[in-house]
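Please read the following report alongside the sequence and the coordinates.

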Amino acid sequence: MALLKRLTERDRAVLPFTLDGRPASGLLGDTLLTAVLTAEDSLRGSDFNGEPRAGFCLMGACQDCWVKLGDGRRVRACSTLLEAGVCVSREPGRSL
Amino acid sequence: MTAPPRQAMSTVIVGAGPAGIRAAQTLLAHGLRPCLLDESLRGGGQVYRRQPEHFKRSAKALYGFEAGKAESVHATLDQLQSEIDYRPETLVWNAETRTLDTLHNGRAAQVPFKHLIVATGATDRILPVPGWTLPGVYSLGAAQIALKFQGCAIGERVVFAGSGPLLYLVAYQYAKAGATVAAVLDSSPFSAQTRALPALLGQPSTLAKGLYYRAWLTAHGVPVHQGVHLHEIQGERRVSGVSWQQGQQRKNLACDAVAFAHALRSETQLADLLGCEFAWSALNRAWLPTRDAAGRSSVEGVYLAGDGAGIMGADAAEVAGELAALTLLGDIGYRIDRARSIELQRQLEAIQRFRQGLETAFPFPEDWAAKAPDSLTVCRCEEVSAGDIRQTVADGHWEINRVKAMCRVGMGRCQGRMCGVAATEIVAQASGRDIASVGRLRGQAPIKPLPFGVEADQ
Amino acid sequence: MSQPVEVDAVVIGGGIVGASAALFLALSGKRVALLERDFFGSHSSGVNYGGVRRQGRPLSQLPLSRRAHEIWGDLRAFIGTDGEYMRSGHLKLARSDKDMAALVAYEEASRGFGMELQLLDHARLRARFPWAGDVAVGASLCADDGHANPRLVSPAFAVAARRAGAQTFEQAHVSEVSHDGQTFLVRTASGLSFRAPWLLNCAGAWAAQLAQQFGEPVPMRAGHPAMLVTEPLPMFMDVSTGVEGGGIYARQVARGNCVLGGGQGFALDPATARPGQAAILEILRNAVELYPPLAGAQAIRTWSGTEGYLPDREPVLGASSTQPGLLHGFGFAGSGFQIGPAAGEALAQRVCVGASNIDLTPFSITRFQTHLQSQPHTSSPAIVVPSGTDNVIPLFRGRSNP
């Protein structure tokens, strides 16, 4: 279930990407956070309780939107623009 | 990457928001070619953050009453770009004597400086509420960025909560853009805003805008509640509602998103790593790097401008950026327009008086810590609760870095940006100490996370 | 000023050595005052890497280290917390056959101290620790060594000392020490004063000044180990690790964060130090080849501390040769955390029964007196701001633009 709702600027090119191994799509100019959360309702699991998290500050400060890319890099979803074909995977976190 | 000649880098600005851009413009106008380092892709800072390319909304749609200012700041950056050493998407992660350490595109580099203007801006000031880590809960600034930068609302039915000018502005922007604003829950009582009127009248246009947003929301059927204590954000795996206390009444409301904050807090890590002296600011309820009226920090060659050294807003940031640049130029022997410098200082003083009025209108909820339940997650990185912090205080600790060492509050990825204010409040409340005496979380490199395998220019 | 408080011993320095000395003195019924300039365990005792390791120590330290191992084994009984102490094993990696030969030689030489080192060739290393990078050709494992959280353990020794009856004081900067022929008089800047027949100098990197005052100058230098910690990562490593010949060392805590150290930072002022960008980048660049699961991980925090080093990298531990009643315990060269409690206990035994169970001769301060001769100056003035914090450890100096 989507968390974010697109209100405007819908008229952009569609970019296909892969989310957790499944096909997904976003729009040109989306951040990874937008691309994921307009279709899903979380970005990662918290580190010590495995609770769902979906970012918080959207300005690169809270560090609660890290996702993993296909090349092994880990990035902040709020400040990384979507590129066509990118593989994004969400980390489940852990419950201690 | 070839490094530009060293001499070109002797004057550096960190942050391409309104302060940094005006500083760069001023330096360039006097013949200096500064290096402008900024984390974001396109500059503008947070208030005047630009939408990505391919987006089509007008400045008016994005920035409302501030469209003219935003366009002017953006146009200035666009004109400057080719003339200065502008480095977007560049994180400054550390500072040592006369050198900044940067990270760009997975590569570390060093930027030496002789003179530095720190314009690092601010983030939301967060006083956590039970349920705030649920998906669908964002800071007020985040809600605004979702709309401005991505054309998205943070949910279908959004509750806005907290206090500060941003509260009404963002709620208004959401409603204007077609989102459903379920309610605005202002922690400050209406009486506070009446009390603040004399000071606020010093900046009538800003006041008019604030009144306008609030009146517009009411006129459009958005419930606005004042004197509210946000009690809880409900939900299992995402937000399903909020509950709050108003007077003796407990109220509930269904929603799928909440945006909240209590005004802003300064980003001070870089000033800290640079060795700037800090002092307690009662107005900001924070330890801040000290600056003189002209923008000089306590460290020779280091100047402070904008919200990063105390929250005064975007207009003040533009003024302070220009002023700091003029001061710097004067200090190194350039001929500057002294009258302009004095005029800018006068403008800052006027804004400062208005700022005091805002603090009266949107007072800090001093009872927040006492009301925070033990089960409240304060630190969302390390998942430390208010009860954990109180236990640490009960064990005899009261200095905030010491409390951090014992219970990990503020020790996670965000280095206390989100929880530091709240943790300090709880320590003060639990220890019975004055808030200032609890101290401040020390800045530690890296200012933001730094990846393994980083390449370095040496 | 009020009358000095009469105690049996004053301990200067609330790190792990001083705090454990205070604990053992209090447990023996002595009246003891523990004075810490800052907060207990807030300097190198609290900000070190957290290795609790016997493996790799000079043979001279192994008797003391063996006793410390017993104390660590009973940590909760002593200090009321386990401080995240785990006997996870300590794995020392060799990056070359020559380094492996050094590990083999150490295993032989250190037999008899109960470490039971296991030498692992390349295949065994791979089978047992599949995460280890290909640069490791072999390793030596000490299964009963481990690691702990210094932020929690070191202050807990001071808390335990207080519970056992010691008077403990934080923010108590010693401003004056004198001896009138009978007892020591110790004053703090905060207005406290104490009189005691015994004085324990456990002031870490700042201890040389007090030794000097009593005519025992030591060539102590300050070092600033660079440390960093990663964000929480999936568990991949259950041993604390180091590398033969030095370099990077790393451990992963139960919460998933990896703590890494390597190289040297620099002193910001006499009391604080930073790791420096050169050392941080060095770790970030080089750690992945030893610990491949770190690829893609982020370092979230770095720090350093100020640590006293003597030229032979052995501590000074035991009685002063110039001033009866004065005991020294300092200069642990970045590896005092494991051995600290036993060092404190040995000092306490010296006070209580006149001698420690373990021979401290190798650590005598007199080893520096052949070329350094001077007379006691018991009436010398107050201790001022500590000096001796210039950094002489040549590995990776933090600042790139000195």
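The report below describes a predicted model.

## Overall form of chain C

Chain C contains ten helices and 24 strands, and its C-alpha trace extends over about 65 × 50 × 40 Å along the principal axes. Because a compact globule of 402 residues would have a radius of gyration near 21 Å, the value of 21 Å for chain C agrees with that expectation.

Of the 402 residues of chain C, 56% count as buried.

## Two domains in chain C

Chain C is divided into domain 1, made up of 5-50 + 151-219 + 311-372, and domain 2, made up of 87-145 + 222-309 + 386-394. The C-alpha centres of these two domains of chain C lie 28 Å apart, and the contact between them takes 17 residues from domain 1 and 18 residues from domain 2.

On the side of domain 1 of chain C that touches domain 2, the elements giving two or more residues are helix 2 (44-47) and helix 8 (207-213) of chain C. Helix 8 of chain C gives the most to this side, with three residues. By class, the residues on this side of domain 1 of chain C divide into eight nonpolar, eight polar and one charged.

## Where chain A meets chain B

In the interface between chains A and B, 33 residues of chain A are in contact with 41 residues of chain B. Strand 1 (5-6) and strand 5 (52-53) of chain A each supply at least two residues to the side of chain A that touches chain B, and that side has 14 nonpolar, ten polar and nine charged residues.

Strand 1 of chain A also pairs with strand 10 (residues 152-153) of chain B, in the antiparallel sense and over two bridges. Within this pairing, Arg6(A) has Cys152(B) as its bridge partner in strand 10 of chain B.

In soluble globular proteins, nonpolar side chains tend to be buried together. The largest nonpolar core here has 220 residues, and those with the most contacts inside it are Val158(B), Ala171(B) and Ala259(B). Helix 9 (residues 314-331) of chain B provides the largest share of this core, eleven residues.

If neighbours within four places in sequence are left aside, the contacts of Val158(B) include Ala153(B), Tyr174(B), Val181(B), Cys255(B) and Ala259(B). Apart from this core lies another, of 81 residues, among them Ala9(C), Ala156(C), Val177(C) and Phe194(C).

Key: Residues numbered from 1 in each chain as written. Chains lettered and ligands numbered in written order. Predicted model: local features only at pLDDT ≥ 70, side-chain atom pairs only at ≥ 80, totals over all residues. Contact = placed C-beta atoms within 7 Å. Helix = DSSP H or I, 4+ residues; strand = E, 2+ residues; numbered from the N terminus. Nonpolar A, V, L, I, M, F, W, Y, C, P; charged D, E, K, R; others polar. Pairing = 2+ DSSP bridges. Core = buried A, V, L, I, M, F, W, Y, C linked by C-beta atoms within 7 Å. Buried ≥ 20, exposed ≤ 12 C-beta atoms within 10 Å, placed from the backbone. Rg over C-alpha atoms; globule rule 2.2 N^0.38 Å. Domains from an automatic or database assignment.
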